[in-house]
Amino acid sequence: MKNTSPDVLIIGGGVAGLSAAVELTSRGYSILLIEQKQHLGGRTYSFIHPDTGDEVDNGQHLLMGCYHSTLRYLKIIGAEDLVDIQKTMSVVFRLPNQSTVELKTNSLPTPLNVLSGLFGLTNLSLTNRLKMLRVGIDVMLKNPDTNKHLHSISVAQWLQELGQPEENRKYLWDVIAIGALNDSLDKVSAALFAKVIKTAFFGSRKNSSMVIPNRGLSTVLVDKAAKFIENNGGQILLSTTVEKIENRKQIVDHLQLSNGVTVYPKAVISAVPYFDLAKVFGDTSTIGVKFLDQFTSSPIVTVHLWFDKHFVEETFCALLDSPIHWVFNKSRMYGKHEYELMYLSLVVSGAHDFVEKDKDDIVALAVNELRRFYSNAERATPVHSLVIKEKRATFSPKVGIERFRPSHTTSIQNLFLAGDWTDTKLPATIEGAVQSGFECARMVEKLLTKFN
Ligand SMILES: Cc1cc2nc3c(=O)[nH]c(=O)nc-3n(C[C@H](O)[C@H](O)[C@H](O)COP(=O)(O)OP(=O)(O)OC[C@H]3O[C@@H](n4cnc5c(N)ncnc54)[C@H](O)[C@@H]3O)c2cc1C
């Protein structure tokens, strides 16, 4: 490849970088996207399991109806059919006594549909169900983006202030909050949890529906995006990174890539995670990003198991009062036959205690938990297993982190920052990443319109 001068250079091929590239190429801009790895997708990818031929995700991803930018992204790249959207929200909770309850919204307008769902959680006493209303009322009355008190306390403190008994935490809040925020409730910001509840449950009725990928993550979120970008004239280079950046008068002038090519872009979007930013820019205070040292990561561990017999009926469920938080029935999600092996993905969020554990011990624990929660699991034998530890799955959304998340603009006029960790006002999610990519694309377009 010769030296090149695209309109925009995008650094990083996760969903933030891909969504920026999709948006810009759809509007006729020329882009070059570089990705340091041999594959696109960043923290969202899948591969084929050699023994079963199944698509295996690096970690199960659950999206929601309130992921409006993500749904738009899927529509643009033509991947709408690769997710199943629930008509109304339905989540099965499984208890250690092998019974289940369902959190199910109905067709009443919000928030009545959610209230009726909460009242259906009959494993909780009526008094405790009534106490849950206090959380809903607090969320309705406050703006989580601006409320100073919510920004100064953890989810655990907030739930305590709102008089939530142990039972409500154990049988509802803990599993939802750790799933949404991916770290201990003693650490994570009440503001971000309130934001998740408000966005999912107090907007349109569709917002609370679960959106479930019916293929591997690369097929759903990555491959079609890459095709869309290339079909619209964009260029993608894998195994490529930035060696050197030359700025002139607070403007990126050109960049030297690891493949020897020099790029003269009109604008640059960095879509790398917080832990890779300094590798690209050196001292990040020179681009106006300070306090990177405030960020830490939180792990997610996924246990993929294939059994010789089927014993899970639901598509997915939350395990209550278990070190395993979610069970996803991949066989069902992928529409596989009963005579094939049953493929399950088990998710542990905020998995600090799991990352150092031996993988065989994790598999043994996972199988034991399944036998504790499912009466028929005893008769099934695990045939294959695979443990994936994503040590830096998300940034930890701890109390106070919001004030350190950088905006999409930098002190360099033509350099923009995307990524789930930038100031999206959401936890680290696909939606935050896509929103940030779209927003940077919009800012670049505004800048380039001014130039031309
Ligand atoms: C196991 C797991 C489960 C998850 N579950 C969910 C879920 O259920 N729902 C949900 O919404 N979110 C979930 N997430 C979070 C979600 O995956 C992330 O928020 C999102 O993928 C972040 O995208 P990104 O583009 O901001 O960053 P990344 O995906 O990290 O992409 C950044 C890219 O930049 C590349 N890069 C870095 N440095 C350079 C460089 N110098 N040059 C070139 N390229 C570079 C990286 O290799 C990477 O590909 C989960 C994450 C994990 C790991």
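These legends describe close-up views of one predicted model.

Residues are numbered from 1 along each chain as its sequence is written, and side-chain values use heavy atoms, with hydrogens and water left out. In this predicted model, local features need pLDDT of at least 70 and side-chain atom pairs count only at pLDDT 80 or more, while totals for chains, interfaces and linings use all residues.

**View 1. Three domains of the protein chain.** The assignment gives domain 1 (8-45 + 216-295 + 399-451), domain 2 (87-208) and domain 3 (297-395). Domain bounds come from an automatic or database domain assignment. Taken over C-alpha atoms, the centres of domain 2 and domain 3 are 24 Å apart. Their contact takes 17 residues from domain 2 and 22 residues from domain 3. Contact means heavy atoms within 4.5 Å.

**View 2. The shell around the ligand.** The ligand is surrounded by 36 residues. The closest are E35, R43, H61, Y67 and D420. By class, the shell has 15 nonpolar, 15 polar and six charged residues. Here Ala, Val, Leu, Ile, Met, Phe, Trp, Tyr, Cys and Pro count as nonpolar; Asp, Glu, Lys and Arg count as charged; the others, Gly among them, count as polar. Domain 1 and domain 3 each give at least three residues to the shell. At least two residues come from each of α1 (15-26), α10 (274-281), β19 (382-395) and α13 (430-451). Helices (H or I, at least four residues) and strands (E, at least two) are DSSP runs, numbered from the N terminus.

View 3. A side-chain N or O atom of T241 lies 2.8 Å from a nitrogen atom of the ligand. Taken alone, the ligand exposes 1,000 Å², and the protein buries 95% of that. Accessible areas come from the Shrake-Rupley method with a 1.4 Å probe; for residues, only the protein chains shown count as cover.

**View 4. T70 in helix α2.** T70 sits in helix α2 (residues 68-77). T70 counts as buried because its relative accessibility is 0%. Buried means under 20% relative accessible area, exposed over 50%, and partly exposed in between (1.4 Å probe, protein chains only). Beyond residues up to four places away in sequence, T70 touches L63, L221, I430, E431 and V434.

**View 5. S46 in strand β3.** S46 belongs to strand β3 (residues 46-48). With a relative accessible area of 15%, S46 is buried. The S46 side chain reaches the backbone nitrogen of L217 at 3.2 Å. Not counting residues up to four places away in sequence, S46 touches V56, D57, G216, L217, S218 and T219.

**View 6. S298 in strand β15.** S298 is placed in strand β15. S298 counts as buried, at 0% relative accessibility. Its side chain makes a polar contact with the side chain of H352 (3.3 Å). A polar contact is a pair of N or O atoms within 3.5 Å; within protein, one must be able to donate a hydrogen and the other to accept it, and residues adjacent in sequence count only if both atoms are side-chain atoms. Leaving aside neighbours within four places in sequence, S298 contacts residues including N182, D183, G350, E390 and R392. The C-alpha atoms of S298 and S349 are separated by 8.3 Å, with the two residues 51 apart along the chain.

**View 7. T284 and F291 in the loop between α10 and β15.** This loop holds T284 and F291. T284 is buried, with a relative accessible area of 8%. A polar atom of the T284 side chain lies 2.8 Å from the backbone oxygen of V289. Setting aside neighbours within four places in sequence, T284 is in contact with L277, A278, V289 and L292. F291 counts as partly exposed, at 46% relative accessibility. Phi of F291 is positive, about 65 degrees, although F291 is not a glycine.

View 8. A cis peptide bond joins T110 and P111, with omega about 0 degrees. P111 lies in the loop between β8 (100-104) and α3 (112-119). S239 lies in the loop between β10 (235-237) and β11 (242-248). Phi of S239 is positive, near 50 degrees, in a residue other than glycine. S239 is partly exposed, with a relative accessible area of 42%.

How values were computed. Near = heavy atom within 4 Å.
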